[in-house]
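Please look over the chain shown below. Some questions and answers on its strands and helices follow.

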Amino acid sequence: MLSTGTRLRSWILAIGLCAGVAACGTPAPTSSSNAPKGPLTIGISVSLTGDFSNTGKAAQLGYQLWASQVNAKGGILGRQVQLTFADDASSPTQVVTNYQNFISRDKVDLVFGPYSSLLTLAAAKVANRYGYAFVEGAGNGPSVFAAHLPNLIDAGPATAINGAQVWGDYILSLPADQRPKTAAYPSLDDPFSQPAAAALQARFEAAGIKTVYSQTYPAETTSLGGVIAKVASASPDMVVSGSQDADGWAQVQAMIQQKFNPKFLFMTNGPENPVDFPKNVGAQNTQGIFTSDVWTYGAPIPGNSAFVQAYVAKFGGDPSQIDSTSAQTYAVGQLIEAVAAKTGKIDNQTIIATLHQGSYQTVVGIVSVDQYGAPKGSQFLEEWIGGKLTIVYPPSIAEQAPVIPKPTWP
Amino acid sequence: MHLLIQAIILGILTGGLYALMTSGLTLTFGTMRIINMAQGVFVVCGAYIAFTLFNYLHIDPFLSILVSTPLLFAIGFTLQTFLLKPIRHDAHRLSLLMTWAMAIGLEGILSFIFGTDFRGILTSYQNSSWTIAGYEIPVVRALAFLLSVAILVGMFLLLTRTKFGRSVRAVSQRESAAKLLGVNTDRTAALAFGLGAATAGAAGAMFGLVSSFDPASHYDLIGRLLAICVIGGLGSNAGAIAGAVILALSESLVQAEFSPAWSSVPFYVLLIIVLIARPRGLFGVRTRGAI
């Protein structure tokens, strides 16, 4: 049995150890304005492998272009930007690990967001726990903002639901005799695609467009033949696909194989990729397919032409091959620059406070968010016409009027 | 009724391809009593070979099988000789881990060579379909089904009408007895492993036609192939075919008639029932333990 003195010493030792561990525990967010001068380190998780790999790489390019340009101008508040990337393999589990490592192991100054609403929500919660600002350009599903995270800012300029509503605006602007009478909604179980399609379904049903099919398929579905067979059997005038890339291609291929050609085909994601979409469905099969987006290389947005020139100069290729995701992530960097220019500081708390007020010009348009980081703007409608993604609505910025109905598959 | 029959057609066509993928897994288990976790990545290798030959040499994917099959045979034979053979007798249980390591390694090599973007093989007939009695028969799926059947028949003849086939069946039934009868069991196992990889290579070329893929696509595949094997019976070719058709049909029917969210459920419920009620599978045979 221990003596009283020994027990007392043990308690003091235990309390001392606990205090020491606590002091070494949760790192406080770095206040860059007080930190020694050195590079401004930014941790970013990108989907270089997995389901989002096609667009994940585009996200990385946008960040890299921004960093190279800002460093050429002297950096942020005299500090050279140093980006650190990690592959999240399109996995919500891995993305959490990546941001945990960035913050607690690498002790980066800032973090930027990943690609997709699925990964953004998981990652933003990690950043919030440590008091880091989470500025992101590719996560705008409703679940992201429903989390009510105070640190999140979406460099939108529109939420997933509001962005897709431009399709509803267009369809309901048509004379009644030109509108579709029936609609089908095959959707991927995804926090971006499915809510966007569901919101359109609710709006169209209220306007009298009858729903003849509405189902959600799991992310691991490899063949959509059965889904499209059911859609085709209902003969809808319009198909609103809540899709991402690979399943979007599979939907189009299945429609062609089953010789099912709706008069109107809108897809939430897939057609906005100017390279992979025609490559995977066939360039001749893109005609008449609609999607919504925030950016295209020809969009009349201040700073856009300079962005396009800089992108082509750095990465080569044709402007028409630039994925809009690159512009969205570039806009994230522009917001950080705006904070530094406005406040003279670049710490996380300043970023959070500053970007939740006011509006900021970026290459994807004016960005203004509410208290939960949700952008307040809208998107434009694009259609594949003659092998080119073309802005067709709203009329104020349309390159040409929409071509309807969709032609039969060649 | 039209939708039901259309779904059945799609299910059967898909089932044929899955049967070919699984036949190699069955063959490997039958001769070596190991579960080859790399079977899925062998299929993906076949898809990348077809993708490369099509994009750079404009060789049709069905013709590329003439290249992918011997190439995957060589890869399988080599891997078995250097990685599996040393542990085959002494550390048999490690073979599951070893084949999984092979799968991860091959995935890494594919990622390094081809990158990680999703790929597809877009031939001129990719999206074509024949209309027969009002039903749409996708051309690629129909050709893949027919070719799969032809290769499976070829394998059946190989296993039943050739000396090599007799060796394989002898090793499957009782390795020790086969050895006593003069069969070089190690060589037979290596050739069988190579043959299993070769069938995966052939299936991979067709897989690349019906689905987009990336190096990580083998994770989805291997789960399905193992489930098919278990339901059909490990070591049974007839079981592999039956299990594949059951999987593909159930998914297609549920997807079309009910909800795609539930399409995998019936098959995996059947898997649980089979494991409980008939663990050797629908067509599997009872195996005797070692004396």
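Q: How many bridges join strand β1 (residues 40-46) of chain A to β2(A)?
A: In this predicted model, local features need pLDDT of at least 70 and side-chain atom pairs count only at pLDDT 80 or more, while totals for chains, interfaces and linings use all residues. Residues are numbered from 1 along each chain as its sequence is written, and chains are lettered from A and ligands numbered from 1 in the order in which they are written. Strands are DSSP runs of E with at least two residues, and helices are runs of H or I with at least four, numbered from the N terminus; two strands pair if DSSP finds at least two bridges between them. β1(A) and β2(A) run parallel, and the bridges joining them number seven.

Q: Which residue in β2(A) does Ser45(A) stand opposite?
A: Strand β1 of chain A covers residues 40-46. The residue of β2(A) opposite Ser45(A) is Ala86(A).

Q: In what order do the five strands of the open sheet in chain A run?
A: The pairing is parallel. β2 (81-87) and β5 (152-154) of chain A stand at the edges with a single partner strand each, so one side of each has no neighbour in the sheet. The order is β2-β1-β3-β4-β5.

Q: Is Ser235(A) buried or exposed?
A: Ser235(A) sits in the loop between α8 (225-234) and β8 (238-241) of chain A. A residue is buried with 20 or more other C-beta atoms (placed from the backbone) within 10 Å of its own, exposed with 12 or fewer, and partly exposed in between. Because Ser235(A) has 12 other C-beta atoms within 10 Å, Ser235(A) is exposed.
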